[in-house]
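Hello! Here are my notes on the model you asked me to look over, with the cut-offs spelled out as they come up.

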Amino acid sequence: RRRRALTWLALFLVASCGAAAASTDILYRVPEEQPPNTLIGSLAADRGLPDTGHLYKLEVGAPYLRVDGKTGDIYTTEVPIDRETLRDCRNPLAGDKCFLEFEVSITDMVKGLGSGPRLIEGRIEVLDINDNTPQFSSPILTLSIPENTQVGALFAIPMATDRDAGANGVAEYTLTAGPDADQLFSLQVAVDSDEKVPQLVVMGNLDREKKDSYDLNIRVVDGGRPARASSALLRVSVTDQNDNQPKFERSHYEAELTENSPQGYSVLQVRANDADTGINGEIDYSFHQASDTVQRLLRIDRFTGIIYVKGQVDREEENFLKFFVAARDRGPNSKTSKVLVTITVKDQNDNSPSIEIRGIGLVTHRNGVANISEDMPVGTPVALVQVSDRDEGENAVVTCVVAGDVPFQLRPASESSNDRKRKYFLQTTTLLDYERVKDYRIEIVAVDSGNPALSSTNFLKVQVTDVNDNIPIFSPPLLKVDFAEGNYPGDKVLDVLATDADSGSNAELTYSISEPAALELFEVDANSGEVRVRAVLNREQREHYRFHVAAADKGVPGKTGTATVEITVLDVNDNDPKFMLDDYSFSVNENMAPLNPVGVVTVTDGDKGENARVTLLVEPDNGKFVIQNGTGTILSSISFDREKESTYTFRLKAVDAGDPPRTSYVAVTINVLDENDNAPYVTKPSNSTFTHLLPDTPPDTRVAVVEAEDIDSGLNAELVYTLAGGNPFGLFRIAPGSGEITLAQKLAGSHRGLHRLVVRVSDRGKPPRHTTALVHVFVNETKYNTSLIEALVGHSLYTPLDRDIAGDPDYALNHQSNILYGSLAGV
């Protein structure tokens, strides 16, 4: 849609403008309902002006338009331009165009304000688009047709209306009938006063006694692209015959009506005649499809056709009324005809001139006051004065002057010939002197040319402002001060003072701190220059502060001077010595020689100088530990034996040299680490005991458990069990971690007798320490001869450990008599 809109844009330059006057009659064309930010035209390009160094300002045209201040490009805004709702386009006649006026001032920023702005006036022709659907007055239209109506007779169908204009208005009608009415009716479209009038054509004989009504569908389509359409139900009622329509004496009635005419004033009379007789020839008059405005302002006598004034007629609101009057006979099957009536509202001098005073270019107004500096050149515009009169003709011709003896005059701002709206620059005629006259009250009088003439007055106050040409000065410009930490918020730090050679408000000074970060800690009294601290200063966090204090006068434009403030924060003994850790834990090896370092502590003090010099002490001082001041190294005075004492605890005291001194403490724990200086020892079984095992004992049966301990700790106390000897047949196995001995395989007959298992118990220290245990297992069906078994066990205690007893023939030979004895005993 934007592309279609841009293709319609066109520029017509009708006339050029003078150096300081307004351009006349710039014309753009744009379709209605364009999206926001659609480019309408470029004043800079179209007027041949540079696109830099100029300030463009929209004076008239809001809210539909906006102007780019640098390029003069005119754009649409968020408020769409709707042709059908614009005030001057509500009731256009056929072929009338719709315009939106605008004004733009142009200020040459290079030459300055004194050169005077230009004022450009223009119009935008708003082109109609097809944004409205044609509509019938009702979804159900009723039409009465007498029976026995002659074939070919025409009956007017209520017309549809379309708010669009021209080709987008109503284009055609179509009629759709059911099987029962298809051969009875057709549609014909006539043209009356540039309007398309749908007419129903009777194509067959109608007999009310057979069928008294028919439902048809009528459809209206406009001429837009794409077209819009709507439909209505046309209900045809067949009535008894009334075959003559009323006829107006004229085809068009015209009249003039002076605005403000009283209620009841007779405007004109319409007359119609009906060739019928009786009630079929009696006529009632009424407005036909008249707008709300017509019905509000006028009424028509039903019987006489006289149109009277009903409401307040104001030409400035409605200057032209167009409507139809219908004449309907009173027959049972009434017939109707209509006629066009147009009434032109004539002007009466009932509006005083309007004087609008507003800022122009860079000069803005506030509450009816304009400010101008005394150093502005002669001819500087201070306001744009627009004088208008809502009347027309001589009643709208206005003369405008500046009353009284003031150094200001009106100069035309536009060369337009539009007498109803004239614009002037209110400009200076001499140099202004603030010391002589500080302000002027300017009275502007406007008088129209009506009879009697009407006038109006408006006022503008012009304030002459002083020139501010001196900068506030601090003496000295650098202020240094020492300030102790630990202060109270609000304590005074210093006073700053500046002077200004100007006078009045230009010499009234306001003090402020320039840096936003400094405002968190410091503040300055805006009037006295007294600097105070807003928070407690801590030297340990920051020792030096540097910021700027500004003194600004109250001139326009203001001038500012600055001074530098340097604050040194002095130390106070407000910090305890602080150990790096909340508590210390060190580990040392046992058997370490005395006077070796045990650990190092670190202590700091946030203060400075003597307040930060710290002495360390051991508490309680039992002679076991000493500490070196300066390094924080803890030394032992003893050698450590973990098995006697594994942990030592004491605390360190830190005292600074401040006055009074500050103290802190920290707990110290010394853990003695184990050294593998103890061998494991076996707690059970005893080397002299034995375990009896039956020959049919199944594998995996638990035989015995070797238990041992180690007074060391950690890996030095973790024990590993192994079979070091006495297991030549692999009959037994031992769990390394628990010392449990189990049978590894099935016993044979050759395995009977005493077995001595040599168990080695080792710790995991480095180097490891170990001990040896003897586990005796006697394999036999019985153990009745205990003394023999004990003798064998006792003999094994003196047998070298590298000799296997189990299956040793020499060992069995040496004890044959005992074994035989044992056998006799049933062993």
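The points below go from the whole chain to single residues.

1. First, some ground rules. This is a predicted model, where local features need pLDDT of at least 70 and side-chain atom pairs count only at pLDDT 80 or more, while totals for chains, interfaces and linings use all residues. Residues are numbered from 1 along each chain as its sequence is written, and side-chain values use heavy atoms, with hydrogens and water left out.

2. Overall shape. The chain has 6 helices and 60 strands; these are DSSP runs numbered from the N terminus, helices being H or I with at least four residues and strands E with at least two. Its radius of gyration, 60 Å, is well over the 28 Å that the globule rule gives for 827 residues, so the chain is more spread out than a compact globule. (The radius is taken over C-alpha atoms, and the rule is 2.2 Å times the number of residues to the power 0.38.) Along its principal axes, the C-alpha trace spans about 175 × 105 × 45 Å.

3. Of the 827 residues, 43% are buried, where buried means under 20% relative accessible area, exposed over 50% and partly exposed in between (1.4 Å probe, protein chains only). Among contacts (heavy atoms within 4.5 Å) between residues at least 6 apart in sequence, 68% join residues at least 24 apart.

4. The largest nonpolar core. A nonpolar core is a set of buried Ala, Val, Leu, Ile, Met, Phe, Trp, Tyr and Cys residues joined through side-chain atoms within 4.5 Å. The largest one here holds 27 residues, of which L298, F323, V325, V341 and I343 touch the most other members. Elements that each supply at least two of its residues include helix 3 (292-297), strand 23 (320-329) and strand 24 (336-346). Leaving aside residues up to four places away in sequence, L298 touches V267, F287 and I343, among others.

5. Two cis peptide bonds. One runs from A62 to P63, with omega near 5 degrees; P63 is in the loop between strand 4 (54-60) and strand 5 (65-67). Another joins K684 and P685, with omega about 0 degrees, and P685 is in the loop between strand 52 (681-684) and strand 53 (690-693).

6. Two asparagines with positive phi. For N367 phi is near 55 degrees, and N367 counts as exposed because its relative accessibility is 74%. For N591 phi is about 70 degrees; at 41% relative accessibility, N591 counts as partly exposed.
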